[in-house]
Amino acid sequence: MSSLNIDMQRGVVGDQLDPDSMARVLDQRQQASQRALIDASCKVPVLLFYGSAVFWLLIGTVLALISSIKLHSPNFLTHEAWLTFGRVRPAHLDVVAFGWASMAGLGTSLWLMCRLCRVPLKWPGMVVGAAVLWNVGVLSGTAGVLAGQSSGIEWIEYPFYATFMLFVAFALVAVWGLMTFGRRQPGHVYVSQWYLFGSMFWFPWVYITVQLLTNTPLMVKGTPQESIHWWFGHNVLGVFFTPMGLAAIYYLIPKVIGRPIYSYYLSILGFWSLALFYNWAGAHHLVGGPVPAWLVTVSAVGSMMMFIPVITTALNHHMTTYKHFGVLRYSPTLRFVVFGAMAYTIVSFQGSLMSLRIFNEPFHFTHHTIAHAHLGLYGFYTMVMFGAMYYVMPRLTGHEWSSARLIRVHFWTVAIGIALMFVTLSIGGMIQGFELHQSRQGLGDLMRQHTQTDGLVSGSINALSDFFGGFKAKQDQPIPFLAVVRDTIPWLWIRSGTGILIFIGHMAFAWLVLANLLGRGERRTGPTLFHTDADGYRRSLEV
Amino acid sequence: MSMLGYILVFFILAGLSGSVIWGLWWALRGGQFSNFAAGATSIFDDEEPQGYATDAFPPAKDENKSEEMK
């Protein structure tokens with residue numbers, strides 16, 4: 001590179017410039033000013049979405065803790081109707097899903113869409129209005145659920161007045177996102193844009209369908225209602241949260257490390273296979289239910305086909321980061337995002353397997369399913385959103401994060417918390433599942449018995465067959481239901497402990513966000529670029 | 001479910017599935033699948049080029065002070 005003296009304010013450059021250098025400098029200046037314009041246009045709406053998301057995250061965590069404690073100490077906070085489990089637990093789910101996860105996702109989506117389309121956000125005031133309306137929707141919906149006005153259908157408990165507000169607010173954001181896509185600079189549509197485009201386009205469609213069929217005179221009841229309910233329940237994750245999370249991963253990992261995705265071909269294949277197969281997966285929640293068997297089988301096939309996008313995505317994430325894991329020591333964004341990407345792989349593999357009847361029958365209606373759901377929405381999605389916010393916010397506020405120590409506290413408390421929660425609830429759920437099916441025999445016992453009589457290979461196969469398929473036949477003696485419930489209590493205590501750990505992490509994060517919004521961090525002169533000259537950081541990139 | 005409900009569900013699902021196929025056709029026609037190498041590097045530019053990391057922990061407060069002293 002030629003040594004150029006560039007003054008970004010006055011545009012003065014070195015006195016001996018060849019035309020190529022001059023063109024490059026002008027191009028750089030144009031890109032810098034364009035980036036600054038984009039960030040300025042997004043600043044208020046994205047920060048409003050982020051700030052609201054963190055507020056709802058804290059509320060959702062408190063509701064989660066209350067629900068969790070009630071599971072092992074049922075006399076806790078029972079003096080008021082609105083504090084009973086049947087109201088607090090759905091309020092927790094809705095606040096986390098529509099307050100935290102949606103608002104963090106929408107903020108990230110808007111910023112990413114503008115960045116990738118290379119155009120500023122037009123009329124950001126309308127998006128601010130949408131964010132306000134969304135907050136009113138979440139507030140009134142949660143108040144409605146706590147007041148006993150829940151629809152009783154999981155994921156769509158909010159009363160109609162609240163869902164209507166959420167729909168209008170989301171439609172506004174989606175229209176703005178799609179308008180931005182329409183005004184994009186000519187060039188390639190990056191894979192993250194496809195994912196964002198998908199979530200903005202499909203979610204309103206899915207949401208209005210389930211509302212029409214559960215909350216209006218067109219309401220269906222009985223078995224069809226459950227089919228529609230789980231079609232929506234799974235698609236909230238599949239065509240809304242997952243695409244937003246993957247869009248952020250596909251942008252942030254290459255961007256933070258400074259190298260392109262390992263295989264762009266695989267990333268495109270991953271998107272289109274997700275678009276084609278995820279929508280089919282919802283009915284696997286109805287295994288064993290009074291629905292046509294073909295419906296569940298088709299759903300199981302769709303779920304197994306999801307191995308294609310999951311494997312392609314997992315390969316891409318891992319291979320892009322491969323030999324650059326050292327960057328994790330220096331980048332808060334990458335820590336959270338890589339954790340989320342790894343959780344995505346695990347939870348997706350687990351989810352596909354859980355669609356099979358052989359796995360679903362013993363574990364459905366147990367804490368094992370709760371472990372799976374938390375790994376998906378928290379271990380994957382929430383961790384990615386934390387990472388995205390660590391990346392985006394300083395670029396919008398122009399201030400660095402105020403404390404590296406608090407970021408580390410945040411990371412380790414939530415990472416250990418969710419990992420421990422997943423493991424303990426999975427084990428507790430498995431025990432619960434087998435006990436509910438009245439089988440006292442564990443896999444170890446079965447292995448020992450069968451291998452002694454049938455030999456190693458056929459004995460192992462027979463033991464596995466008994467373990468997963470024949471557990472109903474092993475009813476040596478019935479286990480009373482209350483005994484099954486009691487056996488889950490130690491696992492539920494650990495769950496509450498992990499919840500407290502996560503809450504501490506959230507408090508640290510909330511403080512960091514507040515300090516950043518108040519301009520407590522170091523002021524950055526380059527509003528959009530955070531190059532570092534740390535030697536170790538450079539070396540880790542050169543590996 | 002009423003007939004109107006069935007018709008509604010049919011059109012919604014047809015539209016949802018159709019949008020995916022239309023999107024795939026649009027991408028194929030627009031040449032989005034023709035140059036993957038360029039696509040992968042499209043997020044980098046002169047200001048945020050390949051080979052440069054763009055995120056780091058904030059420096060420790062002691063480091064800030066020492067830099068200010070300099």
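Me: Looking at contacts in chain A between residues at least 6 apart in sequence, what share join residues at least 24 apart?
Reply: 83% of them do. Bear in mind that this is a predicted model.

Me: Noted. How many helices and strands does chain A have?
Reply: Chain A has 17 helices and 0 strands.

Me: And what share of chain A counts as buried?
Reply: 50% of its 543 residues.

Me: What about the largest nonpolar core, how many residues are in there?
Reply: It has 150 residues. Tyr50(A), Leu110(A) and Val384(A) have the most contacts inside it.

Me: Which helix gives the most to this core?
Reply: H6(A), with 20 residues.

Me: Back to Leu110(A). What does it touch?
Reply: Leaving out residues up to four places away in sequence, Leu110(A) touches Cys42(A), Pro45(A), Val46(A), Leu121(A), Val127(A), Val173(A) and Gly177(A).

Me: New topic: H8(A). How many residues, and how far does it reach?
Reply: Helix H8 of chain A covers residues 293-305, which is 13 residues. From first C-alpha to last it reaches 18 Å, close to the 18 Å expected at 1.5 Å a residue.

Me: Which of its residues are buried?
Reply: Val296(A), Ser299(A), Ala300(A), Gly302(A) and Ser303(A). They sit on the same side of H8(A), because they cover an arc of only 160° around the axis.

Me: What's exposed on the other side of H8(A)?
Reply: Ala293(A) and Trp294(A) are.

Me: And what covers the buried residues of H8(A)?
Reply: The cover includes helix H7 (264-277) and helix H10 (332-354) of chain A.

Me: Staying with H10, is Thr333(A) buried or exposed?
Reply: Thr333(A), which lies in helix H10 of chain A, is buried. The reason is that 28 other C-beta atoms lie within 10 Å, and 20 or more is enough to count as buried.

Me: What does Thr333(A) touch?
Reply: Not counting residues up to four places away in sequence, Thr333(A) touches Leu252(A), Val256(A), Gly387(A), Tyr390(A), Tyr391(A) and Asp55(B).

Definitions and conventions. Residues numbered from 1 in each chain as written. Chains lettered and ligands numbered in written order. Predicted model: local features only at pLDDT ≥ 70, side-chain atom pairs only at ≥ 80, totals over all residues. Helix = DSSP H or I, 4+ residues; strand = E, 2+ residues; numbered from the N terminus. Expected span 1.5 Å × (residues − 1). Buried ≥ 20, exposed ≤ 12 C-beta atoms within 10 Å, placed from the backbone. Arc of directions from axis to C-beta. Contact = placed C-beta atoms within 7 Å. Core = buried A, V, L, I, M, F, W, Y, C linked by C-beta atoms within 7 Å.
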